[in-house]
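Q: Please take a close look at one part of this structure and describe how it is put together.

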Protein chains: 2
Amino acid sequence: MMGRTYEGLNCSAARALEVVGERWSLVIIREAIFSRVTRFNDFQRRLGVASNILKNRLDNFVAAGLMEPRPYSQSERTHEYVLTDKGRDLRPVLVALTGWGDRWVAPEGPPVIYTHSECGGDITQVSQCTKCQEEHRDLDIVTRPGPGATR
Amino acid sequence: MMGRTYEGLNCSAARALEVVGERWSLVIIREAIFSRVTRFNDFQRRLGVASNILKNRLDNFVAAGLMEPRPYSQSERTHEYVLTDKGRDLRPVLVALTGWGDRWVAPEGPPVIYTHSECGGDITQVSQCTKCQEEHRDLDIVTRPGPGATR
């Protein structure tokens with residue numbers, strides 16, 4: 001399933017993009033996470049994406065373990081696409097991407113506001129230091145090699 | 001400059017993907033942000049990306065205001081690509097994407113660990129409610145229309 005665009009790179013961002021970096025992929029995942037869309041026709045109607053592309057993306061999501069097919073109604077030939085934990089865990093990526101879009105390419109203001117379900121407050125996303133607990137959207141970050149650095 | 005893949009969608013994530021959703025785009029931005037790469041040859045050597053693709057992406061970043069060309073050395077024909085605030089602000093997107101990759105597609109562990117420059121602690125990313133201050137990577141989020149909802 002994993003693509004080969006970034007084959008030589010030992011980088012988790014690149015590996016993530018092998019799974020969700022194709023056109024439409026993250027937009028489809030967004031509909032699934034935030035609008036709880038599960039059916040082929042609903043994805044297509046809401047997004048206007050071509051059937052063959054949508055089919056390819058959903059099949060790839062199933063192969064990559066982001067979604068699971070689940071039969072619905074009487075027909076065994078019809079199924080919906082239900083997010084797995086792995087798929088749902090892309091939420092922070094979409095919150096971050098939306099935040100950037102809101103700040104830089106939404107001159108009329110955010111089309112959608114992410115809201116805390118329990119209290120109705122607006123959601124923001126911050127980087128947090130697990131040692132000194134400082135947190136900030138723009139915390140100064142450097143990199144160091146991790147356990148998977150050499151392979 | 002803005003592409004047309006998601007033209008009918010009033011969605012900040014889709015608009016962000018028009019700018020950085022093409023193959024290689026976010027990986028190039030990642031090198032610029034975290035490894036402070038600025039020169040064409042350095043991007044190419046580190047990533048192994050084809051010259052024509054790299055040239056296209058860097059030109060698009062300049063057109064979109066993510067990078068600025070800056071002459072270096074004696075040659076006026078040679079310039080490097082320097083991130084703007086708009087480009088640097090993609091950092092949370094890359095931290096989120098890397099976090100997902102670390103959790104789900106890095107069986108040998110993270111290749112790279114994001115580290116707080118001031119204290120050396122590991123960085124994590126959380127969603128924070130601006131009202132009740134609750135914070136969690138997986139805070140339960142719903143959506144509501146924002147000021148840019150109708151256009």
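Which residue is the bridge partner of Gln125(A) in β4(B), and how do the chains meet around that place?

A: The bridge partner of Gln125(A) in β4(B) is Ser127(B). This is a predicted model, in which local features need pLDDT of at least 70 and side-chain atom pairs count only at pLDDT 80 or more, while totals for chains, interfaces and linings use all residues. Residues are numbered from 1 along each chain as its sequence is written, and chains are lettered from A and ligands numbered from 1 in the order in which they are written.

Strands β4(A) and β4(B) run antiparallel and are joined by 7 bridges. Strands (E, at least two residues) and helices (H or I, at least four) are DSSP runs, numbered from the N terminus; two strands pair if DSSP finds at least two bridges between them.

The hairpin of β4(A) and β5(A) has 5 residues between the strands, and Gln133(A) takes a positive phi near 70°.

A further strand pairing between the chains involves β3(A) (residues 112–116) and β6(B), which are antiparallel over 5 bridges. In this pairing, Val112(A) stands opposite Pro145(B).

Over the whole interface, 79 residues of chain B are in contact with 79 residues of chain A, contact meaning that the C-beta atoms, placed from the backbone, lie within 7 Å. The largest share of chain B's side, 14 residues, comes from α6(B). That side has 39 nonpolar, 23 polar and 17 charged residues. Nonpolar covers Ala, Val, Leu, Ile, Met, Phe, Trp, Tyr, Cys and Pro; charged covers Asp, Glu, Lys and Arg; the others, Gly among them, are polar.

Finally, the two copies themselves: a rotation of 180° with 0.0 Å of shift along its axis superposes chain B on chain A, with an RMSD of 0.0 Å. The copies are thus related as by a two-fold rotation axis. The superposition is by least squares on the C-alpha atoms of residues with pLDDT of at least 70 in both. The same surface serves both copies, as 100% of the contact residues of chain B recur in chain A.

Notes
Two residues are in contact if their C-beta atoms, placed from the backbone, lie within 7 Å.
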